[in-house]
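I opened my notebook to keep track of what I looked up.

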Amino acid sequence: MKRIRVAANEASVRPALYRDSAAALAQSVRNHVDFLIANCRLAPDADATLHIVIARLLNAAAALQEDPASPAGLPQVQQTLHPYPPYFAHPGWREADGISRNSAPTVAGRSGIACATGRDC
């Protein structure tokens, strides 16, 4: 998830998102989602929440591919990542990286992210 956030943050500082850079971001989102699906192991409740996040990210990637300026593209990636911290105790996820933990509702029992590869999901 950190890799998706890094890619989205890099795209957001550009003055405009053109077709080639939007396509690259969309592919990056899809690649990282594929990695998450293949490697992350979560408790059932956390897994269900992650599926919602993944669906939103994939919808945003499709929108980016279709129209780089679409509000359903990069803004949707950012909005999807915004409430992520209260739901998942992701190692290394920091407020300074662009998403504030205090801006989304707190949820008790955040799940840790575990990857079969030992890498951060």
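Predicted model: local features only at pLDDT ≥ 70, side-chain atom pairs only at ≥ 80, totals over all residues.

**Entry 1: the overall layout**

I read along the sequence and noted the pattern α-α-β-α-α-α-β-β-β. That goes with a count of five helices and four strands. Helices (H or I, at least four residues) and strands (E, at least two) are DSSP runs, numbered from the N terminus.

Residues are numbered from 1 along each chain as its sequence is written, and side-chain values use heavy atoms, with hydrogens and water left out.

I looked up burial next: 39% of the 121 residues of the protein count as buried. Buried means under 20% relative accessible area, exposed over 50%, and partly exposed in between (1.4 Å probe, protein chains only).

I also looked up contacts, meaning heavy atoms within 4.5 Å. Taking the contacts with a separation of 6 or more, 63% join residues 24 or more positions apart.

**Entry 2**

For any packed pair I write down two things, the angle between the axes and the distance between them. Axes are lines fitted to C-alpha atoms, for helices over the stretch in contact, and angles run from 0 to 180 degrees between N-to-C directions.

Helix 1 and helix 2 (residues 19–39) pack at about 170 degrees, and their axes are 9 Å apart. That makes helix 1 roughly antiparallel to helix 2. The cut-offs: under 35 degrees is roughly parallel, over 145 roughly antiparallel, 65 to 115 roughly perpendicular, and the rest oblique.

Who touches whom? Helix 1 brings Arg3, Ile4, Ala7, Ala8 and Ala11, while helix 2 brings Leu25, Ser28, Val29, His32, Val33, Phe35 and Leu36. By class, this contact of helix 1 with helix 2 has nine nonpolar, two polar and one charged residues. For the classes, Ala, Val, Leu, Ile, Met, Phe, Trp, Tyr, Cys and Pro count as nonpolar, Asp, Glu, Lys and Arg as charged, and the others, Gly among them, as polar.

**Entry 3: valine 33**

I picked valine 33, which lies in helix 2. Is valine 33 buried or exposed? Valine 33 counts as buried because its relative accessible area is 0%. Leaving aside neighbours within four places in sequence, I found valine 33 in contact with Ile4, Ile54, Leu57 and Leu58. Valine 33 and leucine 58 are 25 residues apart along the chain, and their C-alpha atoms are separated by 7.8 Å.

**Entry 4: helix 1 against helix 4**

Helix 1 (residues 2–12) also packs with helix 4, at an angle of about 135 degrees and with the axes 10 Å apart. Helix 1 and helix 4 are therefore oblique to each other. Their crossing is left-handed. A crossing is left-handed if the near helix is turned anticlockwise from the far one by less than a right angle, and right-handed if clockwise.

I listed Ile4, Arg5, Ala8, Ala11 and Ser12 in helix 1, meeting Leu74, Val77, Gln78 and Leu81 in helix 4. The residues of this contact of helix 1 with helix 4 divide into six nonpolar, two polar and one charged.

**Entry 5: helix 3 against helix 4**

How do helix 3 and helix 4 pack? I got an angle of about 165 degrees, with the axes 8 Å apart. Helix 3 and helix 4 are therefore roughly antiparallel to each other, and their crossing is left-handed.

On the helix 3 side I wrote Val53, Arg56, Leu57, Ala60 and Leu64, and these meet Leu74, Gln76, Val77 and Thr80 in helix 4.

**Entry 6: threonine 80**

Threonine 80 lies in helix 4 (residues 74–81). Threonine 80 counts as buried because its relative accessibility is 4%. Setting aside neighbours within four places in sequence, threonine 80 is in contact with Val53, Arg56 and Leu57. A polar atom of the threonine 80 side chain lies 2.7 Å from the backbone oxygen of glutamine 76.

**Entry 7: two residues of helix 3**

Alanine 62 is found in helix 3 (residues 44–66). At 45% relative accessibility, alanine 62 counts as partly exposed. Asparagine 59 is in helix 3, and at 56% relative accessibility asparagine 59 counts as exposed.

Notes:
Polar contact = N/O pair within 3.5 Å; in protein donor to acceptor, adjacent residues only side chain to side chain.
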